[in-house]
Amino acid sequence: MPPILYLVRHGEGEHNVNDSHHLRDAHLTETGKTQCRDLRDNFPYHDEVSLILASPLRRTIQTAAHSFQPVLEKRQVPFVLVPKAQEISKQPCDIGQDSDVLKAEIPGLITPGAACFDQANLDTSLLEDGWNSKKGIYAPTSAAVRKRAAELRTWLWRLPHEHVVLVTHGAFLHYLTEDWTFYDRQRGTGYRNCEYRRFTFTEDSSSTEAHLLEVGGSSVKVDRPLGVDIHVLHEVEEVEAAK
């Protein structure tokens with residue numbers, strides 16, 4: 001059976017403050033780290049998760065380490081960096097580090113949140129050269145982002161795990177879930193920092209085409225009042241303009 005997915009938006013990054021998208025591959029703020037600790041303390045599925053996935057940007061790696069420390073430290077589950085889960089735009093804040101630079105930084109990103117995680121369990125094998133190029137499948141165009149999201153869904157469908165966490169980004173989550181219900185160009189986007197939502201796959205999903213179905217278990221109330229996030233709005237508008 002395909003896995004249950006817990007989709008998580010990263011904690012507040014430096015770029016989320018004052019719409020600072022000029023900051024390259026932003027780190028979490030102290031507020032963001034506090035949000036991660038709150039998620040860690042309130043997430044009810046730590047004992048069920050058998051795989052942690054994260055976009056290979058600094059803020060998502062940090063969020064995974066801080067928020068899922070019980071999973072990483074107590075059970076030493078695999079932690080995989082997934083380039084196809086990166087954010088959608090070519091703004092500096094969404095451009096990751098070259099693979100060799102990132103691999104050298106990773107211990108400093110993970111250890112403050114999950115000091116006892118054995119980093120031999122970290123899988124960076126998907127970090128091919130050019131993962132941060134914003135070209136090809138990673139291009140900031142509507143067609144490329146939608147194709148990337150579709151490929152990631154089928155890859156997730158094939159995972160041999162029952163419960164999987166994926167830490168990713170606010171704009172990309174709309175494309176991954178194909179759900180724009182809580183996106184409003186005037187008011188904001190639906191995913192708050194460190195919000196998680198629980199998904200399964202539709203019955204007609206397969207290894208060639210897969211779609212997600214939300215099944216509850218969110219960290220916010222059902223009505224999900226929109227949070228203003230100008231950064232995410234700019235990203236989506238940029239990508240949708242580049243068909």
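## Helix H1: length and cap

The expected span of a helix is 1.5 Å times one less than its number of residues. Helix H1 covers residues 30-42, which makes 13 residues. In this predicted model, H1 reaches 19 Å from its first C-alpha to its last, close to the 18 Å expected.

Thr29 caps the N-terminal end of H1. One of its side-chain oxygens lies 3.3 Å from the backbone nitrogen of Thr31.

Three residues of H1 are named as buried: Gly32, Cys36 and Leu39. They cover an arc of only 60° around the axis, so they sit on the same side of H1. An α-helix has 3.6 residues a turn, so residues three or four places apart point the same way.

The other side of H1 has exposed residues: Glu30, Asp41 and Asn42. The cover over the buried residues of H1 includes strand S1 (4-9), helix H2 and strand S6 (196-201).

## Helix H2: enclosed

How many of the 10 residues of H2 are buried? The count is 10 of the 10, so H2 is largely enclosed by the rest of the structure. Among them are Ile61, Ala64, Ala65 and His66.

## A closer look at Arg58

Arg58 belongs to H2, which spans residues 58-67. Is Arg58 buried or exposed? Its relative accessible area is 12%. Buried means under 20%, so Arg58 counts as buried.

Leaving aside neighbours within four places in sequence, Arg58 is in contact with Arg24, Asp25, Ala26, His27, Gln97, Glu105 and Leu109.

Methods
Residues are numbered from 1 along each chain as its sequence is written. This is a predicted model: local features need pLDDT of at least 70, side-chain atom pairs count only at pLDDT 80 or more; totals for chains, interfaces and linings use all residues. Side-chain values use heavy atoms; hydrogens and water are left out. Helices (H or I, at least four residues) and strands (E, at least two) are DSSP runs, numbered from the N terminus. Buried means under 20% relative accessible area, exposed over 50%, partly exposed in between (1.4 Å probe, protein chains only). Contact means heavy atoms within 4.5 Å. The arc is that of the directions from the helix axis to the C-beta atoms. A polar contact is a pair of N or O atoms within 3.5 Å; within protein, one must be able to donate a hydrogen and the other to accept it, and residues adjacent in sequence count only if both atoms are side-chain atoms.
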